[in-house]
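Please open the model in your viewer and keep the sequence beside it, so that each selection can be followed in both.

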Amino acid sequence: MDDKKMVAGKVKKPGKRGRKPAKIDLKAKLERSRQSARECRARKKLRYQYLEELVSSKERAICALREELDMYKQWCLAMDQGKIPSEIKALLTGDDQKAPQSSTNKIPKNIKYSSSGNIQNKTS
């Protein structure tokens with residue numbers, strides 16, 4: 001019989017299947033490997049920068065939420081003592097003037113609350 005086989009109407013030659021190894025010189029192969037490693041390190045660096053930025057933004061959000069929580073705790077403590085903070089009064093009356101966040105964190109020291117919840121200045 002012949003060295004060639006007939007399969008599904010096609011003539012196949014005997015020998016190894018698949019790709020034949022390309023004859024690439026060693027220097028070119030090493031240079032390709034180095035370039036691939038450089039690209040991999042660059043991708044890794046970018047990924048770590050992205051993750052660090054993500055972590056720092058989440059940490060800033062956590063700090064802001066903690067400050068807000070402290071503000072609400074101060075409001076609750078004031079209301080437990082029978083005092084109504086001006087910020088809550090403003091919210092309840094629907095005033096459009098919103099106090100800045102930094103001033104809402106602390107109850108001013110020169111303000112005195114009466115038993116009815118009215119605000120009085122200590123200086124007057």
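Predicted model: local features only at pLDDT ≥ 70, side-chain atom pairs only at ≥ 80, totals over all residues.

Residues are numbered from 1 along each chain as its sequence is written, and side-chain values use heavy atoms, with hydrogens and water left out.

Begin with the chain coloured by pLDDT, the predictor's confidence in each residue, from 0 to 100: the mean is 77, and 58% of the residues reach 70 or more. Next, show helices (H or I, at least four residues) and strands (E, at least two), which are DSSP runs numbered from the N terminus; the chain has 3 helices and 4 strands, and their pattern along the sequence reads β-β-α-α-α-β-β.

Now select residues 26-80, helix H1, where confidence is highest at a mean of 95, and then residues 101-104, helix H3, where it is lowest at 49.

Move on to Cys 40, which is partly exposed at a relative accessible area of 41%, and to Cys 76, also partly exposed, at 40%. Here buried means under 20% relative accessible area, exposed over 50%, and partly exposed in between, with a 1.4 Å probe and protein chains only. How many disulfides does a search of the whole structure find? The search finds 0, a disulfide being a pair of cysteine sulfur atoms within 2.5 Å.

Finally, return to the whole chain, where buried residues make up 10% of the 124 residues.
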